[in-house]
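Student: Could you take me closely through a single part of this model, the interface between the two chains, and say what holds for the contacts there?

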Amino acid sequence: MSIGRVRVFVVALTASLVVFSGTYAQDELATARTAYLEGRYDDAIDGLTRLARRQPAASDVGRALVRALAEVGRYDEANNAAERFIAANPDSPELWTSFGRVLLLQGARAKARDAFARAVAGRASDALTGKLELGLLLYHSGDVAAAMRTFDSFIDTYNQSRSLSSGDLTAVATAVRYLGIANSDLFHDALRTYDEAIAADPDNVEARLLVGNLFLDKYNGSDAREAYDAILERNGDHPDALLGLARVRRFGGSPEAMTLVNRSLETNPNSTQARVFRATLLVELEDFDRATQDIDHALGIDPTDLDALAVRAAVQFLRNERPAFDRTTTHVLELNPRFGGLFVTLAEVSARNRLYQEAVGFGTRAVQVDSLSWRGYAVLGTNQLRVGNMGAGRANLEIAFQGDPFDAWTKNTLDLLDELDRFTTVPTERFHIVSDRNESDALSLYMTELAEEAYARLANRYGFRPHTPIRVEAFTRHADFSVRTIGLVGLGALGVSFGPVVAMDSPSARDIGSFNWGSTLWHELAHTFHLGLSEHRVPRWLSEGLAVFEERQARDGWGDALDPGFLLAFRDGRLLPVSELNNGFVRPTFPEQLGYSYYQASLVCEFIERDHGFTAFPRMLRAYRDGKSARQVFRDVLSTDLDEFDEAFEDYLRARFERTLAVLKPVETPGHGGEHSRDAILARARQDPDDFLALVAAGQLLIEEQRFDEAEPVLVRAKSLFPEYAGVSSPYWYLARLFRERGELDRAARELDDLTARNASHYRALLALATIRDTLGATADAADALERSIYVYPFDADVHRRLAELSAELGTWSRAVRERRAVLALDPVDRAEAQYQLARAYMGAGDRENARHTVLRALEIAPGFEAAQDLLLEIHDARSNR
Amino acid sequence: MTRHCMRAWLVALLSLGPASGEAQTYLLVVSGIGGEAQYRASFDEWSTTLLTAAQDRLKLPADHIVYLCEDPDVVAGSRKSTKANLDAAVMEIASRAEPDALVVIVFIGHGSAVGGSARINLPGPDVSAEDIAALLTRFPTQQLVVANLASASGDFLPVLSGSRRTIITATRSGRERYETVFASFFVRAFASDGADTDKNERVSVLEAFEFARREVNRHYDTGNRLVTEHALLDDNGDSKGSTEPDPRTGDGAIAASLFLDNPLAAAVATLPDDPELRALYQARQRLEQAIATLRARKDELAPDIYESELERLALELARTSRTIRERETRNPE
């Protein structure tokens, strides 16, 4: 969030009332003023125009008219109104400030400067505001030192004046706010002075607006919202308050941001700030054409608008239009050589598009151009952390925080880095596994193995090897993971890949069984490959789809599974076409859309693989790397038009899920014709043997009542209707329970096999399967189930003990060793026993040296431990007999 | 562990004089009022786990075990856990217990600390810490273990602390008033194998406390919950309990030498009459002591020297233990 330009529009209507009262019909002015304050702009403008015609010398009418016209974007008319007054009153300096501001909105800097100078020289009643505007001109043209000197003088003005008008107080507050860039304490002074301005004139809308903007710039969304709401309560169409609220919504990640900025533009279609903001949202949605339209419109009004030029440069950068990009950046720096905001915008846009290395480059330039760009230091530091440059990242974040202690993102990240100092790093051939020191010994045993396996397999599949080491961080607190990713808590994801750095929740960060850390790690490492191969230009939908697709290739039951909600969304036409699938990730319009988009994207990948083979994917990734658009990629690699592909994919979904869709009948809710009584549920299942949901509900009910014989055919039928469904209340799970109750362990095991083959995150099913298989003497299958359960939750010592025992039985000693090491890593109370068992496993694996060392650890704790004593003798005898 | 076991062994020798062949353990388990069905079930389960372990694993004679509970119909031979019955049970044990007996009293249930008075909720009038302190005066010479495993039990400790008393509470103060899980793990220590950390095939009171304490922490950690109970142990009579007793520096030395299967008096190792076997036993004791001494010096020694010396001693100890077993197998006494 950059400070951007702050334009001060002082409403002097109240002050002018005193001048007016003796000269004009107070009612007319009051009526026009009320209309303006209530957002009835046409009425206000008409009234003020009539008044101005009758009284061409009334400066406050003139100012009010110019202000009202400007507020709704009628800049030419505002120019004319100002020029008429000036022509009619050549000796009056009173309209020069207002005129200057309108000229500035249109990019006429030199003329604006002249106008402000005239206001100051002529000692207009709003001369202080004119002086402020001169200071702002200096600041935004890069002469920061001169600007700060100007702003500094406002402090003396404030301190030496007995009473200042509301408008003057607003000017002082704004000057102090700019001084706050170098001294953050002054922001509090600025806020106090704005409050004084509002107290002096409660109808000073601009002061309220600037308070909101100040809060927003200091990351305080809730107070900002309050300030904007106060304006909108009276004037629901105030364009700048709507824009402010749009910014608050964007700050909070809400999709309402677009709606609000559209409303703002309805009031003032020529607001360059609103155009630039909307363009920024459109860039996030990758709608570059519409973003460009908004930017062109903004620059048509003010060709010198630096923020608009920055967004233009961003679009040119993302579209790989290098010459145009260079021209734009050169032009911006000519207008203001110290405009760090250009590179901050470029860095932020790059980061949003996962071009983290480029974000580092732009962040570096931002702070080179403007050493007071705290936001520049923040984006630089944040992105350095994302590419694994931890030291430099931290240093730059420290600078950012020192300069702007209000930046919650930066503060949170610095606090997180303090936490990371207490983490342990376990290096492997290609990875650094970074995790909490209390978990590292256990977790790294499995994470290192899986990460190396993933790298080897994905490198083989894609013919590409990302730079190493890749840093993998696992956080025990989800809030820490969230801060690592976006700087704030509240992120819903499980993991993220920045390319060379992967961050994810540790299995201990969430309830046991709520996610599969193994598949999450594989998913994120797949991203590392896809980002690397496409040089971070792969679109979001494809990278997510491929990552889920790769999960499924890695292990049975990994990757998102089909669920009834997705099918119902498809049936109801709520899925996005592939050409718009990115929107499902970036701006979901309903809560489930993000999850459905992941699954849908993975199905798109399955569809592509079916028709074009796996090799299409590396080719697509390279095509994106080379700067091709989605349409070009589909045409060149898949020989299809994007619209045709949409149709073909929809046909594919229909064919694939037609049968299942037919068995998902509508469910009436209580109070809407639906009955959820026990009898009603059973009756519904009896009436329609093709109603999957009814059958599952009935089966569940019968199981709970222990009516297993009745439940079996119901659940078998349900399973046959929707065999892919392996969610929480799947028929597989209930049938397994049923068979187990009846002692039919073989059948129970088969149900659990089928369930976990589709859903490898079902922790209870995996443990139950292991127990049953063990009971049946199927040792290898039992071990396999336990092994898979570790990818859900690796911190249950009993699971590791059992798997160690089974592995020893099977003679897979390396796994037995690993499992005994895991038991030890989980800090058992009986450490001597754990050491002894590990020593036994080492012996089984033929590793006498480690066995000797480990059994000594057991005897160190418990010298009288006879079993350990005997093992030591055994080892010694074996060494002697060599 | 070995070092503090040895110290306790010395303490036992010095404080009790010649071992009495008649010293025994007496166990009184008091299960309070549950209130809700889930708590009644838990209290019953924990109590019966301890009682079963006491009989089956620890081989306590049945007539040395007294069980008071909310519903005596559930367990044959039990009585209702009223204050009056508690008083009677204590009197009964006091009248029978040998001067050097070990008396173990375990309270399971809900506690409270309302108005500064720490209590255990029983059917009928509750029993306070002061009430229990008065009951304990009936054991002037015996070794006592009093384990209050209820919620809000911490305030019992300073009231009950004293000479020849090991006091355990499930919480560190009366403010920790939510239901506790310490009891479930404490009883499990005696009922299963995981608590015998020094592998001497016996679970001391300290080992049981440590086991329960660590499993409580693991329980909350696994569930991603705040730890709302912190157990205490005091056995040095200073009225201050320790959350992590260290026999070398404070609490734990006595508790480390207390075993429910054998009271302190019998913790003194009895040497066999056979002179050769006797020599082997003494050698074994010397070697165990040598390892304990070596361990204490670990930080002073170079790692390779420490390791080789540990291995040498451990090998010799292993051979000695094996020889003892072989001899005992050939000539069982």
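Tutor: A salt bridge is taken here as a side-chain nitrogen of Lys or Arg within 4 Å of a carboxyl oxygen of Asp or Glu, and between chain A and chain B the count is 10 salt bridges. This is a predicted model, in which local features need pLDDT of at least 70 and side-chain atom pairs count only at pLDDT 80 or more, while totals for chains, interfaces and linings use all residues. Side-chain values use heavy atoms, with hydrogens and water left out, residues are numbered from 1 along each chain as its sequence is written, and chains are lettered from A in the order in which they are written.

One of these bridges joins the side chains of A:Arg852 and B:Glu311, at 2.7 Å from N to O. On the side of chain A that touches chain B, helix 44 (831-844), helix 45 (848-861) and helix 46 (866-880) each supply at least two residues, helices being DSSP runs of H or I with at least four residues, numbered from the N terminus. By class, that side has 15 nonpolar, 5 polar and 10 charged residues, where Asp, Glu, Lys and Arg count as charged, Ala, Val, Leu, Ile, Met, Phe, Trp, Tyr, Cys and Pro as nonpolar, and the others, Gly among them, as polar.

With contact meaning heavy atoms within 4.5 Å, 30 residues of chain A meet 31 residues of chain B. The two chains bury about 2600 Å² between them, 49% of it on carbon and sulfur atoms, buried area being the accessible area (1.4 Å probe) that two parts lose on being put together, summed over both. In chain A, the most area is lost to chain B by A:Val829, A:Glu860 and A:Leu873, together 26% of what that side buries.
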